[in-house]
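The sequence and structure come first.

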Amino acid sequence: MAWNTNLRWRLPLICFLLEAAMVILFGVFVRYNPEADPHWEEEKRQHNISSDIENDFYYRYPTFGIQWALLMQGWFHSFEDGHILISVENLINADFCVGSVCVAFGAVLGKVSPIQLLIMTLIQVTLFSVNEYILLNLLHVKDAGGSMTIHTFGAYFGLMVTWILFRPNLEQSKERQSSVYHSDLFAMIGTLFLWMYWPSFNSAVSKHGDAQHRAAINTYCSLAACVLTTVALSSALQRKGKLDMVHIQNATLAGGVAVGTAAEMMLMPYGSLIVGFICGIVSTFGFVYLTPFLESRLRIQDTCGIHNLHGMPGIIGGIVGSVTAATANVGIYGKEGFIKAFDFEGPKSDWTSQIQAGYQAAGIFVSLTMAIVGGAIVGVILKFPLWGDPADENCFEDEVYWEVPKDEESHMYRPEEPALKPVAS
Amino acid sequence: MAWNTNLRWRLPLICFLLEAAMVILFGVFVRYNPEADPHWEEEKRQHNISSDIENDFYYRYPTFGIQWALLMQGWFHSFEDGHILISVENLINADFCVGSVCVAFGAVLGKVSPIQLLIMTLIQVTLFSVNEYILLNLLHVKDAGGSMTIHTFGAYFGLMVTWILFRPNLEQSKERQSSVYHSDLFAMIGTLFLWMYWPSFNSAVSKHGDAQHRAAINTYCSLAACVLTTVALSSALQRKGKLDMVHIQNATLAGGVAVGTAAEMMLMPYGSLIVGFICGIVSTFGFVYLTPFLESRLRIQDTCGIHNLHGMPGIIGGIVGSVTAATANVGIYGKEGFIKAFDFEGPKSDWTSQIQAGYQAAGIFVSLTMAIVGGAIVGVILKFPLWGDPADENCFEDEVYWEVPKDEESHMYRPEEPALKPVAS
Amino acid sequence: MAWNTNLRWRLPLICFLLEAAMVILFGVFVRYNPEADPHWEEEKRQHNISSDIENDFYYRYPTFGIQWALLMQGWFHSFEDGHILISVENLINADFCVGSVCVAFGAVLGKVSPIQLLIMTLIQVTLFSVNEYILLNLLHVKDAGGSMTIHTFGAYFGLMVTWILFRPNLEQSKERQSSVYHSDLFAMIGTLFLWMYWPSFNSAVSKHGDAQHRAAINTYCSLAACVLTTVALSSALQRKGKLDMVHIQNATLAGGVAVGTAAEMMLMPYGSLIVGFICGIVSTFGFVYLTPFLESRLRIQDTCGIHNLHGMPGIIGGIVGSVTAATANVGIYGKEGFIKAFDFEGPKSDWTSQIQAGYQAAGIFVSLTMAIVGGAIVGVILKFPLWGDPADENCFEDEVYWEVPKDEESHMYRPEEPALKPVAS
């Protein structure tokens, strides 16, 4: 009974209800931001803007999770006169929020059902938005690339969930979890694109101009250094000096995660190299020693090794951000640049870089706490035997939730298949 | 004789002739638009433009089909003093035109030869340009994302062709058409990128500023909703509640198709969710019930199910566009915004949104008519037993037109192969 | 002994030393360019720039090789007051430099070790920067898309290295080099993205405005023509008229390489078609006849056929650039445009287009000479039996340098594997 993985009515019902709720909530709350509204012409005149290119759309540019994230983040950040005013920046932030959910998915993939993933999304997006609001609006933390809000939060949330969902007999399906030659090539395509786009991720919601430009440069440098130390360590830790695809697919990206907070600051190119250097090492070490240890001793089964790519590099990123903020001064940034970089005006006009650094550090702890508490709540909810999760011996099996074509069977046309007469089935 | 699939002289000859024709036509007709011409400096001064960033290149950005489309669309849309003046916008529009041809290809793939695809391209590009000219320039229809001009036209064109090319014994090669585990993963990569880029597609040729910004937002919302209802229905229509890769690969994109006309209008975010909601359902239903019905009863063999991803969503998109136009008014758009959104000035200065809506609706019927008539003509031409199409038992077989490496055979170096001495062969 | 491919200490040691050197060199030399520095605010005021969008970041956008390239190119091109000032343009140029190294890799892949690739990178990046400095700064050559600096230089460098590393018994591992169905599909994804992005490559570092716009148009046209003649010739050269995946994967891109120099000039759209037309033919011919000839007669083993995609098209590109420059005049470009296009001011104020053309031609020969001499040096260094290269019978074998999962073996968790206790091993 607990292993009834037939989702035929449960999954559709939940999806439709969620989507209907979204339509209603969007209808009530969501409107276009002035830059995406036809009143833009008047807006331009009023603010003395001479060109369409000043529309924020040209400075930036990038599912249920996304819709829910648009709403949750909208209520916290873009709520005005009873409406959420959305623009392309909201879309990017919603993508980032869902990115954090996907990070957490990485810890539990293979042993949960699509319904469990939906529930997890619903709660995690909510808590992500609360955490983000605390960090960015209450603690006035800088975190453009999301080392804390996206990666640290997402990773420890997922690890907490998987700890509660521990399955002692998972080794029964171990061989299905092993990497396969062709799947490894597929994963490398993913790595390649993530690597290429990471400078865009970290700079996407930075302040226009120099900060955005700098965020791309720092991320690029950190990624480059990270690849080299990942290759070094992957080879050094294997008896015959061979490279391991899993390390190359993952640890090469850790440098991007770890400059997520400081990328828009004056981290300096060599500073970025140092961060990447360290993260290539930490992340690869994690795959080789820590992941097996977490599983065998702490009963934390981390399917994709998110602790190595997002957890530890995320915390490192938070620390690097705090240290970089602490060392900021007018000499390095220039007077105007210093104020602009940390918003030291209005309520923050009497802040020093040391105060900023303290709040940055606080942000790490808040994110960790929110992640662990939130992950525990979700874990307990997902424990109920209602959500159609697979038996231990069926974990990591595509066939449980996907129709997998048999050898000789046609996939497109199946006029004789029972699915065509669902009433009779 | 009808099944002589050796294209050795037919294919090269046609390709070379076409390419030679292109060179001549381009030489006679095609020049750079002022924004891509070195006279841009003078152009800037003359129009009082202060920055290079106002060059249209920075607002937009993206094969024989492409060349022929550049010419055909150029003659209709960018013809001045005997020359076609091309810019990046023409390149994007040519890509869209070829996109429409690729949609039509989806209906006939596997049972036609490369030569037949070339002929189809030649004629379809021509008719696409005529149809586009009628819609955009004569009927003054708005269709930035091409629900009507690209998807409706392309889909019904292809379906007409495949209807005429009906093969009663196609089930002989049925097992080769079935989906395969690895090919399904490949297709998912395609889906992922199409999904990511669809907001760019729908906004690429929109008016600068708010319209372009809004087009991206609406497309993004529609796609998000569409995924959720596709998952719901895919699971609900399978006996054991499993998901089907073909649905996820296709129907998740239908929401993007269906806001192709209205994306730049004030469809509102919740309106986009509703459109996506509906299209996920319609498209998945299509795959499960309509495609087998079309094949068994109407003798329409639709290889990739284009009717579900482009046909029905395209028509829905046209209707949504017409309805959204009908409800437009000065209250929603602002006075200036209303005029700008629908070009209600000059010859259209006395138009109302109801008139616009009427013409939008007319655009759907014109596109359908052109597609069906054009597809019939092409179908009849492709029936001639001259074009090297495969026998029924060889359909969906890569080996017919591609050199497929045998197990132990080297591919790069084959100094002993006859291909190296073509004179002797 | 010569075939000791265990890199366990050699590879990590070299990687760590290189990365440490990078950190030190970056610390001493590299700073942000004013557009990526917080003094940007003052910069804007000083230069009377009214908008952040004028930051060069918005006009452009995109490993050890990259780091070393940033330094080498930085010393030559962006060195000021003892510091290299980097911006996004430097990142792009570093990518291009590493692209040239990757071209050269294509000639030797499968018969060299990762250490050899690192050494090759170190030296080739250095010489690339010298060559680039000679061409762009001393000869005042135009080469925005790098037909000469990237492709010609990279290709002949790699061919020289592989000539020296000739292995007479390579046919022992021949069957592993042959193309495989799924790998061919993977490669097609690569081709598709390269094809799509090539207009961006060739225009990335062009002058703002019309030149950049034109570079994208010309590249697009050349690529389109190239596909058609590649298909034609691939079919014509096969006995049964079938298409060859290797040709389609490679020769379809040759048109992009061959407009690398002239793309930003007034090559005209039909001129681009002609260049693409020729390159599709030359490149496909190369794969069918020249590559086997080079291997059997000249002992040049060109693993990926880089001579066909980069070597010959690169030289053609250099020639096309020279001819296009020679025909430039005030009538075509306008007075201001002519000066801007070729920098005919300051030290070049008395230059004619014929002088420019002469220097362009000289650039081809300089690039070839540097490539051949540099490749010879690297080839000799790589001959030393120290670098862990594979035995002839192990060439093209992934298992030599990569940990390849065995059938039933789990990849992620291996608490019992010796790699976990490296001290004991």
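In which sense do strand β4 of chain A and β5(C) pair, parallel or antiparallel?

## Pairing across chains

The model is predicted. Strand β4 (residues 243-244) of chain A and β5(C) pair in the parallel sense, over two bridges. Within this pairing, W402(C) in β5(C) has L243(A) opposite.

## Contacts of chain C with chain A

On the chain C side, 57 residues are in contact with 62 residues of chain A. Elements of chain C that each give two or more residues to this side include α1 (10-29), α4 (88-108), α8 (181-203) and β5 (402-403). The largest contribution is from α1(C), with ten residues.

By class, the side of chain C that touches chain A has 34 nonpolar residues, twelve polar and eleven charged.

## Strand β3 of chain C

Strand β3(C) has two pairing partners within chain C. With strand β1 (residues 30-32), β3(C) pairs in the parallel sense over three bridges, and V30(C) has I84(C) as its bridge partner. With strand β2 (residues 79-80), β3(C) pairs in the antiparallel sense over two bridges; here F79(C) stands opposite I84(C). The β2(C)-β3(C) hairpin has two residues between the strands, and D81(C) takes a positive phi near 50°.

The side chains along β3(C) (residues 83-86) alternate.

Note on methods:
Residues are numbered from 1 along each chain as its sequence is written. Chains are lettered from A and ligands numbered from 1 in the order in which they are written. This is a predicted model: local features need pLDDT of at least 70, side-chain atom pairs count only at pLDDT 80 or more; totals for chains, interfaces and linings use all residues. A residue is buried if 20 or more other C-beta atoms lie within 10 Å of its own, exposed if 12 or fewer, and partly exposed in between; C-beta atoms are placed from the backbone. Helices (H or I, at least four residues) and strands (E, at least two) are DSSP runs, numbered from the N terminus. Two strands pair if DSSP finds at least two bridges between them. Two residues are in contact if their C-beta atoms, placed from the backbone, lie within 7 Å. Ala, Val, Leu, Ile, Met, Phe, Trp, Tyr, Cys and Pro count as nonpolar, Asp, Glu, Lys and Arg as charged, and the others, Gly among them, as polar.
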